[in-house]
Amino acid sequence: MPARVAPGDRARTKGLLGRDGIEGAMMLTPCGSVHTFRMRFPIDVAYLDRAFTVLAVTTMKPGRLGLPRLRARHVVEAEAGAMERWGVRPGVRLELKAASATAPETR
């Protein structure tokens with residue numbers, strides 16, 4: 001799955017707010033909980049521990065406050081339904097790789 005890492009506090013705080021959708025996913029780090037106030041679409045949220053192992057996955061409608069996950073250190077957000085399509089579920093360990101500047105994006 002192509003994912004962007006929110007670079008810094010301001011981008012992490014904004015997350016997907018103000019967008020009409022997203023291709024791929026956005027990773028918020030460090031992060032242990034999210035909200036969907038002012039969101040325009042439902043999202044899937046995967047909570048990850050320090051080793052990038054998925055602790056929980058949930059779908060959140062706009063206007064909701066997610067419960068903090070005690071062991072969560074990272075959160076991955078995507079459009080609703082994406083996590084299931086990608087096979088992201090509790091116990092799965094995600095691997096991050098830097099995108100090549102010359103390699104085309106695969107979908």
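This report describes the strands, nonpolar cores and salt bridge of a predicted model.

## Basis of the values

Because the model is predicted, local features need pLDDT of at least 70 and side-chain atom pairs count only at pLDDT 80 or more, whereas totals for chains, interfaces and linings use all residues. Residues are numbered from 1 along each chain as its sequence is written, and side-chain values use heavy atoms, with hydrogens and water left out.

## The sheet

Five strands make up an open sheet with mixed pairing, in the order S1-S2-S5-S3-S4; strands are DSSP runs (E, at least two residues), numbered from the N terminus, and two of them pair if DSSP finds at least two bridges between them. Strand S1 (3–5) and S4 stand at the edges, and since each has a single partner strand, one side of each is left without a neighbour in the sheet. Direction ignored, neighbouring strands are turned by 20° against each other on average, where the axes are lines fitted to C-alpha atoms and angles run from 0 to 180 degrees between N-to-C directions.

S1 pairs with strand S2 (residues 25–28) in the parallel sense over three bridges, and Ala-3 stands opposite Ala-25 in S2. S3 has antiparallel pairing with S4 (residues 54–60) over six bridges, and antiparallel pairing with S5 (residues 74–79), also over six bridges. Tyr-47 stands opposite Ala-56 in S4, while Asp-44 has Ala-78 in S5 as its bridge partner. S3 and S4 form a hairpin with five residues between them, and in the turn Phe-52 has a positive phi of about 65°.

Strand S3 (residues 43–48) is mostly covered, with six of its six residues buried; buried means under 20% relative accessible area, exposed over 50%, and partly exposed in between (1.4 Å probe, protein chains only). Ile-43, Val-45 and Tyr-47 point one way from S3, and Asp-44, Ala-46 and Leu-48 point the other way.

The largest nonpolar core has 15 residues, and those with the most contacts inside it are Leu-28, Val-34, Ile-43, Val-45, Tyr-47, Met-60 and Val-75; a nonpolar core is a set of buried Ala, Val, Leu, Ile, Met, Phe, Trp, Tyr and Cys residues joined through side-chain atoms within 4.5 Å. S2, S3 and S4 are the elements that give two or more residues to this core, and the largest share, three residues, comes from S3. Apart from this core lies another, of 11 residues, among them Met-27, Ala-46, Leu-48 and Ala-78. Leaving out residues up to four places away in sequence, Val-45 touches Val-34, Ala-56, Val-57, Thr-58, Met-60, Val-75 and Val-76, contact meaning heavy atoms within 4.5 Å.

Pro-42 lies in the loop between S2 and S3 and counts as partly exposed, at 37% relative accessibility. Its contacts, not counting residues up to four places away in sequence, are with Met-60, Lys-61, Pro-62, Glu-79 and Ala-80. The C-alpha atoms of Pro-42 and Ala-78 are separated by 8.8 Å, although these residues are 36 apart along the chain.

## The salt bridge

The structure holds one salt bridge, a term that stands for a side-chain nitrogen of Lys or Arg within 4 Å of a carboxyl oxygen of Asp or Glu. The side chains of Asp-49 and Arg-71 meet in this salt bridge, at 3.8 Å from N to O. The pair links distant parts of the chain, 22 residues apart, with Asp-49 in the loop between S3 and S4 and Arg-71 in the loop between S4 and S5. Asp-49 is buried, with a relative accessible area of 14%, whereas Arg-71 is exposed, at 56%.

Notes:
Helix = DSSP H or I, 4+ residues; strand = E, 2+ residues; numbered from the N terminus.
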